[in-house]
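Here is a quick tour of some side-chain and backbone details. Have a look at the model first, then read on.

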Amino acid sequence: MKLAILSCSPKCYSTRRLVEATRQRGHTVRVLNTLKFAIDLEEGEPELYYRSQQLEHYDAVLPRIGASITYFGTAVVRQFEQMDIYSANSSNGIANSRDKLRSLQILSRHQIGIPQTTFVRDRADVLPAIKRIGGAPVIIKLLEGTQGVGVILADTVKVAEAIIETLQSTKQNVLVQKFVSESKGRDVRAFVVGDQVVAAMRRVAQGQEFRSNVHRGGKTEPVELDERYRDAAVRAAQIMGLRVAGVDMLEAKDGPQIMEVNSSPGLEGIETCTQLDIAGSIIDYIAAQVDFPEIDIRQRLTVSRGYGVSEIHIPEGSEYIGRTVAESGLREKDINALTLYRGTTVIPNPRSDRILEPGDRLLCFGKLESMRQLIPKKALRRRRPTVQELHTNEGADQKPDFSVAHPDEPM
C-alpha cells in the first residue's frame, strides 16, 4: 500500500507515529503538506497537483486536517475522493465534525445521547432557551473552539446572558448546553477505528478547572468501556461519516452523552495513557479497506433521470406492518430497500423475508414517482409546491404576483 498522510506538522507526535507504523508494516508512506496542493478541474478528469507537479498515484490518504484550514483541507480530501482514492475519513465527515452545531444536529436525529443544547441569535430568545434546557448552570461553547478554548461555565442565568451577549457582539456563534453535574471535571475519550473502540481513557480536570482537556492540565487514566459506551462511540463516528475518530463522552446518570466527535484525534495522550499501538491499528484498518474508496451514494444513484434515494417511514397503522419486504411490493414498484433502520439497529440489505414493524424506516433507491406515492398525503402536499402561472396586468403600476401555492390550499 502506498499511503499519503495529509499534515502541515510532519514532526508532531501523531504524524511521526503514523509514519513509523506504516513503515513497520512494509508499506510506503509520504507526508504531504495540505496547503501545497492545487486542485485542477476539467470535464471527466479531476486532478491534483502537489508543489506544482502532477500528484503521483496513491492507494489511500489519511487526512490530518487542522481546524484553521478546514475549508481548503476538505476540498483536497474531496478531490482524492473524486479520483477514487480511499480516504480514512470522508470530506463530509471532517466538515461536519468541525462545526459543533452541525454535528449535534446530525446526531440529534438518531437514538444517541447528547447534552440538551440550544442555539439562538436574538437576545430575546436567550432566557427562554436557557429555561428549556433546565436553567443555570450552563455550558457556553464557541462553535469552532478546540482543545477546551471557548468553553465557559456560567453559574447563573444573568452571567450566561452577559457572556452570550458579549460573544455575539464580537460576531461569535455560541451554543448553550445543559451542565451535566455528575460528570463535572471529567469525560471519556474513546478512540474509534472502523467499527470498534481500540482504546479509551478518562480525562480528569485538576483543581478548580472544569475542563478536562489534556491541554488544560487534565490527568488521564485508561478505562475499559462497557458495551453502552462502546456502541455509542462507534455509532457517533459512523453517523458523522468518520472511520478514525476521537469521540468525547460525558458519563451521565442515564448513560453516555456525546459531546464531540474529533476527525483528527491526537495520538500522544491516548497512546501514552493506554500503552497501546493505536497508530498501528489505524494503518492496519486502512490497508484492509483500501479497495473501498468513498462513494457519494446520492450523487451516483441520482444521475438516472426519474430515480433517486429516499427514506420511507412505516408509521403506526400502516398497511405494510406485518408484511415482509417481499410482500410489500416495493420491488414491483421498481424500488429497492438498501437499509432498514429499526430504533438504534441498522439492518443493511434487509432480506426479502424480513417482517416490517411500526416505526421502521427504509432507505430506498428507485423511481421517485413510485416512492412519492408512499408518502402520506399530508406530507406530500407540504413537499410538492405548485408554481402558478405568472399573470401580468397592463397597468404600469401593477406588480406581478410571485406567490407559490400548495395543492388544496386557496390562493
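Pro137 sits in the loop between helix 5 (126–132) and strand 9 (138–142), where helices (H or I, at least four residues) and strands (E, at least two) are DSSP runs numbered from the N terminus. The peptide bond leading from Ala136 into Pro137 is cis, with omega near 0 degrees.

Before going further: this is a predicted model, in which local features need pLDDT of at least 70 and side-chain atom pairs count only at pLDDT 80 or more, while totals for chains, interfaces and linings use all residues. Residues are numbered from 1 along each chain as its sequence is written, and side-chain values use heavy atoms, with hydrogens and water left out.

Two other loop residues have a positive phi without being glycine. Ser52 has a phi of about 70 degrees and lies in the loop between strand 4 and strand 5 (53–54). Gln275 has phi near 60 degrees and lies in the loop between helix 8 (268–274) and helix 9. Ser52 is exposed at 66% relative accessible area, and Gln275 is exposed at 65%; here buried means under 20%, exposed over 50% and partly exposed in between (1.4 Å probe, protein chains only).

## Rings

Rings of Phe, Tyr and Trp (its six-membered ring) pair if their centres lie within 6.5 Å, with planes under 30 degrees apart counted as stacked, over 60 as edge-to-face and the rest as tilted. By that rule there are three aromatic pairs. Here are two of them:

| Pair | Centre distance | Plane angle | Type |
|---|---|---|---|
| Phe37 and Tyr50 | 4.9 Å | 55 degrees | tilted |
| Tyr307 and Phe365 | 5.9 Å | 35 degrees | tilted |

Phe37 is in strand 3 (residues 37–40) and Tyr50 in strand 4 (residues 47–50), so their pair ties together parts 13 residues apart in sequence. Phe37 is buried, with 6% relative accessible area, and Tyr50 is buried too, with 7%. Phe37 and Tyr50 also belong to one aromatic cluster with Phe80.

The pair of Tyr307, in strand 17 (residues 307–313), and Phe365, in strand 20 (residues 361–367), links distant parts of the chain, 58 residues apart. Tyr307 is partly exposed at 26%, whereas Phe365 counts as buried at 17%.

There's a charge over a ring as well: Lys2 lies over the face of Tyr58, 4.9 Å from the ring centre. The test asks for NZ of Lys or CZ of Arg within 6 Å of the ring centre and within 35 degrees of the ring normal.

## Helix packing

How do helix 3 (residues 91–98) and helix 4 (residues 100–108) pack, and at what angle? Their axes are 5 Å apart, at about 110 degrees, which makes helix 3 roughly perpendicular to helix 4 (65 to 115 degrees). Axes are lines fitted to C-alpha atoms, for helices over the stretch in contact, and angles run from 0 to 180 degrees between N-to-C directions. Ala95, Asn96, Ser97 and Arg98 of helix 3 meet Lys100, Arg102, Ser103 and Ile106 of helix 4, with contact meaning heavy atoms within 4.5 Å.

Helix 3 is mostly covered, with seven of its eight residues buried. The cover over those buried residues includes strand 6 (60–63), helix 2 (70–82), helix 4, helix 7 (227–240) and strand 16 (255–262).

Terms used:
Angles under 35 degrees count as roughly parallel, over 145 as roughly antiparallel, 65 to 115 as roughly perpendicular and the rest as oblique.
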